[in-house]
Amino acid sequence: MNTNKLIELYLAGNRDFVEASLQQANLSETCLNGINLNRANLKSANLEGVSLRIAQLNEANLEKATLWRTDLSKSFLIWSCLSKACLIRTNLNYADLHKANLSQADMRLASLRYADVSNTNLAGADLRYADLTGANLANSNLEGANLTGAILSKADLYNVN
């Protein structure tokens with residue numbers, strides 16, 4: 001699916017784009033709140049500055065995607081792949097990232113306040129100065145993650161490795 005068609009359908013009221021193929025798509029600075037992109041292929045997509053509040057991105061492939069300044073608050077990214085993605089200054093407040101793969105993701109200055117990041121692979125992730133206040137990181141893999149300056153107050157760090 002090309003990006004122009006997706007935006008046209010979205011603006012017409014369609015929110016269901018399950019398994020859409022949007023590899024390397026450029027959707028920067030668009031508003032796609034409430035969209036269903038479950039199992040979509042967004043590998044290497046440019047989602048910079050996109051508003052994806054309350055979006056469904058479960059099992060989506062966001063490997064190497066650019067999500068800089070993206071608003072993913074209250075979105076669902078369960079079992080999604082965000083390996084090597086750029087999430088600098090991304091808003092993930094109250095998002096559900098349960099069992100997502102965020103290995104080697106660049107999440108500097110990202111906000112994950114009260115997000116569910118339990119059972120998540122964050123190995124080698126750059127979380128410098130990220131706000132993890134109240135985040136559920138239980139049973140997550142933080143091996144080699146850079147947490148310099150990260151805010152971890154009220155975070156659940158049970159059984160973190």
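User: How many aromatic pairs does the structure hold?

Analyst: The structure holds one aromatic pair. Rings of Phe, Tyr and Trp (its six-membered ring) count as a pair if their centres lie within 6.5 Å; planes under 30 degrees apart are stacked, over 60 edge-to-face, and the rest tilted. The model is a predicted one, in which local features need pLDDT of at least 70 and side-chain atom pairs count only at pLDDT 80 or more, while totals for chains, interfaces and linings use all residues. Residues are numbered from 1 along each chain as its sequence is written, and side-chain values use heavy atoms, with hydrogens and water left out.

User: Why is the pair of Tyr94 and Tyr114 called stacked?

Analyst: The ring centres of Tyr94 and Tyr114 are 5.7 Å apart, and their planes stand at 15°, so the pair is stacked. Tyr94 and Tyr114 both lie in the segment after α1, and the pair therefore ties together parts that are 20 residues apart in sequence. Helices (H or I, at least four residues) and strands (E, at least two) are DSSP runs, numbered from the N terminus.

User: Why does Tyr114 count as partly exposed?

Analyst: Buried means under 20% relative accessible area, exposed means over 50%, and partly exposed lies in between (1.4 Å probe, protein chains only). Tyr114 has 34% relative accessibility, so Tyr114 counts as partly exposed.

User: Why is Arg89 called exposed, and why is Asp106 called buried?

Analyst: Arg89 has 51% relative accessibility and therefore counts as exposed. Asp106 has a relative accessible area of 19% and is therefore buried. Phi of Arg89 is near 55°, a positive value in a residue other than glycine. Phi of Lys74 is near 60°, again a positive value in a residue other than glycine.

User: What does Asp106 touch?

Analyst: Not counting residues up to four places away in sequence, Asp106 touches Ala85, Cys86, Leu87, Ile88 and Asp126. Contact means heavy atoms within 4.5 Å.

User: Why is Ala125 called buried, and which residues does Ala125 touch?

Analyst: The relative accessible area of Ala125 is 1%, so Ala125 is buried. Residues up to four places away in sequence aside, Ala125 touches Leu102, Gln104, Ala105, Ala145 and Asn146.

User: How do you know that the charged end of Arg15 sits over the ring of Tyr10?

Analyst: A charge sits over a ring if NZ of Lys or CZ of Arg is within 6 Å of the ring centre and within 35 degrees of the ring normal. The charged end of Arg15 is 3.7 Å from the centre of the Tyr10 ring.

User: What makes a space a cavity, and how many of 30 Å³ or more are there?

Analyst: On a 1 Å grid over the protein atoms alone, a cavity is a set of points where a 1.4 Å probe fits but cannot get out; lining residues have an atom within 4 Å of a point. The count is one cavity of 30 Å³ or more. The largest cavity has a volume of about 50 Å³, where volume is the space filled by probe spheres set on the points.

User: Which residues line the largest cavity, and why does Leu27 count as buried?

Analyst: The lining includes Leu27, Leu32 and Leu47. Leu27 has 2% relative accessibility and therefore counts as buried. Neighbours within four places in sequence aside, Leu27 is in contact with residues including Thr3, Leu6, Leu32 and Leu47.

Note on methods. 1 Å grid on protein atoms, 1.4 Å probe; cavity = no way out; pocket = protein on both sides within 12 Å on 5 of 7 lines; lining within 4 Å.
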